[in-house]
Amino acid sequence: MTPVVSLAGVQLNRGGRPILRNVHLTAEAGEVVALMGLSGSGKTTLLRLLARLEVPDAGEVVAPPAGLVFQFHFLFEHLSALDNVCLALVHVHRRPRAEAEARARRLLEELGVGHRADALPRHLSGGEAQRVAIARALAVDPPVLLLDEPTASLDPARRADLAGALRRLAQSGRTLILTSHDDDFVRAVATRLLVLADGVVVESGDPGTVLTAPVHEATRRLLRQERVE
Amino acid sequence: MPNHWLSPLVALLLAASPAAAQAPLRWGADAEGGAPLVEADPRDPSRMVGFDVEIAELIARALGRSPQFVQVAFTSLDQSALRGDFDIGLGGIEDSPARRQTLGVSVPYFEFREVLTVRESDRSRYHSLASLRGTRVATLGGTLAYDLLRRAEQTEGLTAVSYDDDVHPYDDLALGRVDAVLLDHILAERAVGRTKGLVIQPEELAVGHYVVVTAPGQAALLAAVNRVLLAAMADGRLEQIFRRWKVWNDDQTALHERVRAQGMSAVGGSLLATAAATPVRGREALVRFTPQLLRAAVVTLVLSCAAMGLAVLLGVLIATGRVYGGRLMRGALLVYVEVVRGTPVLLQLFLMYYGFAGVVRLPAFVAALLGLALNYAAYESEIYRSALQAIPQGQLDAARMLGFSRWQTLRLIRGPQALRLALAPMTNDFVALLKDSSLVSVLTVVELTKQTQIMATNIGSWLVPGLACGTLYLLMSLPLSHLARRLETRWKLEGA
């Protein structure tokens with residue numbers, strides 16, 4: 001199978017400091033790739049690179065247009081949940097308003113926030129906003145979905161729901177790449193795990209294997225910290 | 001020991017003290033325009049020159065006091081005299097029944113004729129008030145000429161335009177903003193000498209007299225002033241002064257003879273009959289002026305609304321240019337904003353109306369509207385710019401990820417949210433604009449404050465007109481403030 005996403009020898013500096021060094025990554029359709037690492041290890045930057053919000057200083061990025069779900073959601077504050085999801089369908093993809101609304105409602109229903117369609121973002125809980133943001137990203141049907149810390153604003157029950165929803169998205173042929181601090185969630189949802197430390201991929205492989213028997217010191221430190229939290 | 005060198009100094013001080021004990025004679029006049037009566041010497045602007053300056057000096061000298069000039073705006077001279085800002089007021093102050101009622105008024109010392117000045121090309125067209133139907137005729141506010149024009153508004157169907165000085169009416173006549181100026185013949189002769197293409201029509205529309213005024217109840221001072229004036233008429237010193245300023249003519253010979261023979265009653269008859277009606281006061285004044293004040297309030301409201309609308313529109317464009325534009329555009333807009341914010345709006349209005357008149361000749365209302373709008377656009381642009389920058393970068397990234405163009409992002413996402421953030425501070429600025437709009441009276445637009453000033457001049461008191469004017473401003477601004485507060489609560493963005 002040809003990879004949907006591929007990164008080869010990617011280097012990215014900011015203020016003369018390397019943020020990512022010689023990163024290689026490929027992902028195929030149906031894969032769920034998890035990125036783990038301590039804060040500042042370069043996970044989010046890697047996602048932004050895949051989203052084309054950053055340009056690498058060296059190396060090659062091949063990625064189709066992706067949907068991105070931000071850690072802090074960044075919903076459009078002046079629009080209802082429904083309009084947040086519809087907006088790009090109507091104005092970028094030029095779908096008729098009624099069709100866009102129907103699709104938006106279906107997505108919100110599927111993600112369990114159908115009843116909040118008319119609420120403004122400032123009236124949504126963290127978990128609700130999270131799911132509206134996912135619906136907004138999925139509305140335009142991107143082949144790749146990028147999620148930055150999707151579990152950050154969810155309680156444990158909601159995390160299990162989200163894991164199920166993401167697995168279904170992958171089964172429908174999408175490529176998912178996400179960052180997380182939550183090893184249980186990663187075990188439940190990811191097909192592959194990359195551990196980053198100081199902008200370098202230090203370990204990768206099957207999530208179960210990597211998390212049960214970490215080889216690299218950085219992974220062990222990450223898991224220790226995870227337990228304490 | 002020190003006494004040796006100190007005592008001559010003490011002696012000197014004592015010798016000077018008789019003169020110093022007499023307080024200087026403070027005389028009030030308006031030096032703006034004012035030639036040949038009172039004006040700043042073009043060669044040394046710290047010095048006043050003019051025939052009224054010399055008359056003031058003559059009076060002061062005769063009273064054994066030193067003259068001290070006090071600058072007072074022409075239309076405020078009466079109020080200033082009542083307050084006691086100066087001992088005597090002169091400088092084109094006209095004899096009128098209203099003045100005789102409220103102030104001490106001297107014998108008349110100069111007779112002037114009210115004459116029409118027109119552009120040379122209109123010489124045969126505009127020769128009388130009747131021929132000026134449907135045109136705009138300018139004069140100095142608070143004068144006999146203004147009263148004549150106000151009456152002609154009713155009888156002849158012309159529009160009286162009031163100015164705060166006697167130079168700009170002639171400038172605007174030359175520029176074509178008005179079609180005639182009605183003023184004292186000595187002012188007209190000065191203007192015709194100064195500005196090419198203007199002519200004075202021979203017909204005289206009224207005769208008036210200049211007088212010296214004092215605060216009421218200053219009978220001794222007034223009597224002394226009259227004595228000095230009569231003596232100067234008798235021995236030809238007044239004639240010498242007027243001849244030096246080239247304003248002496250047979251009218252003055254006759255006037256001085258009459259005054260010396262009959263005193264105040266010399267000019268009782270015809271002039272006082274044609275001058276303004278007896279001033280009204282209190283409730284009657286309020287009733288008479290209320291429709292005019294309301295009309296002026298509408299001018300204020302329309303002007304403010306239109307100026308604010310334009311200012312917001314321009315402000316949004318300027319802010320957008322400053323956030324999205326290239327280096328050159330950002331630089332140019334920054335210069336615009338800083339220049340406009342760093343200079344007085346009054347100066348900008350003068351430049352807009354008079355300064356650029358050679359390039360573009362704007363009607364007064366349009367100049368006022370543009371001046372206010374261009375000024376406020378700078379402030380609104382700063383509000384809107386900071387509102388644009390308050391929208392989190394994450395939302396802009398999210399929009400980019402969803403495929404929105406920069407223009408779509410501005411139009412659909414960033415702009416509308418910024419507008420909500422900016423609306424409350426903009427509404428606050430609207431209240432400020434409502435009040436700043438009073439500045440446009442310098443461009444002859446009669447809005448609420450100007451109308452109040454006219455009313456105050458007319459009835460000789462600021463109390464009732466001031467309270468009425470203040471009430472009208474509050475009636476307009478309070479709902480706006482309330483609206484601003486409501487918008488603020490309604491559109492407050494979380495975290496933004």
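User: Which residue in β7(A) is the bridge partner of A:V144?
Analyst: In β7(A), A:V144 has A:T175 as its bridge partner. Before we go on, this is a predicted model, in which local features need pLDDT of at least 70 and side-chain atom pairs count only at pLDDT 80 or more, while totals for chains, interfaces and linings use all residues. Residues are numbered from 1 along each chain as its sequence is written, and chains are lettered from A and ligands numbered from 1 in the order in which they are written. Helices (H or I, at least four residues) and strands (E, at least two) are DSSP runs, numbered from the N terminus.

User: Thanks! In which sense do β6 and β7(A) pair, and over how many bridges?
Analyst: Strand β6 of chain A, residues 144-147, pairs with β7(A) in the parallel sense over 4 bridges. Two strands count as paired if DSSP finds at least two bridges between them.

User: What do β6(A), helix α5 and β7(A) make together?
Analyst: With helix α5 (residues 156-171) of chain A, they form a right-handed β-α-β unit. Right-handed here says that, with the strands pointing away from the viewer, the path from the first strand over the helix to the second runs clockwise.

User: And how does strand β3 pair with β7(A)?
Analyst: β3 of chain A (residues 32-36) pairs with β7(A) in the parallel sense too, over 4 bridges. There, A:L35 stands opposite A:T179.

User: Is β7 buried or exposed?
Analyst: Buried: 5 of the 5 residues of β7 (175-179) of chain A are, so the strand is largely enclosed by the rest of the structure. A residue is buried if 20 or more other C-beta atoms lie within 10 Å of its own, exposed if 12 or fewer, and partly exposed in between, with C-beta atoms placed from the backbone. In a regular strand the side chains alternate between the two faces of the sheet. In β7(A), A:T175, A:I177 and A:T179 are buried on one side, and A:L176 and A:L178 on the other.

User: What's the strand order in the sheet of 6 strands?
Analyst: The order is β5-β6-β7-β3-β8-β9 in chain A, an open sheet with mixed pairing. β5 and β9 (200-205) of chain A are at the edges, each with a single partner strand, so one side of each has no neighbour in the sheet. The twist averages 20° from one strand to the next, with angles running from 0 to 180 degrees between N-to-C directions of axes, which are lines fitted to C-alpha atoms, for helices over the stretch in contact.

User: Where's the antiparallel partner of β9(A)?
Analyst: That is strand β8 (residues 192-197) of chain A, paired with β9(A) over 5 bridges. A:V195 stands opposite A:E203 in that pair.

User: New topic: what order do the strands take in the sheet of 3?
Analyst: This open sheet of chain A runs β2-β1-β4, with antiparallel pairing. Its strands β1 (residues 5-14) and β2(A) pair over 7 bridges, with A:V5 opposite A:A27.

User: How many residues of chain A are in contact with chain B?
Analyst: 16 residues of chain A are in contact with 18 residues of chain B; contact needs C-beta atoms, placed from the backbone, within 7 Å. On the chain A side, α2(A) gives the largest share, 3 residues.

Methods. Two residues are in contact if their C-beta atoms, placed from the backbone, lie within 7 Å.
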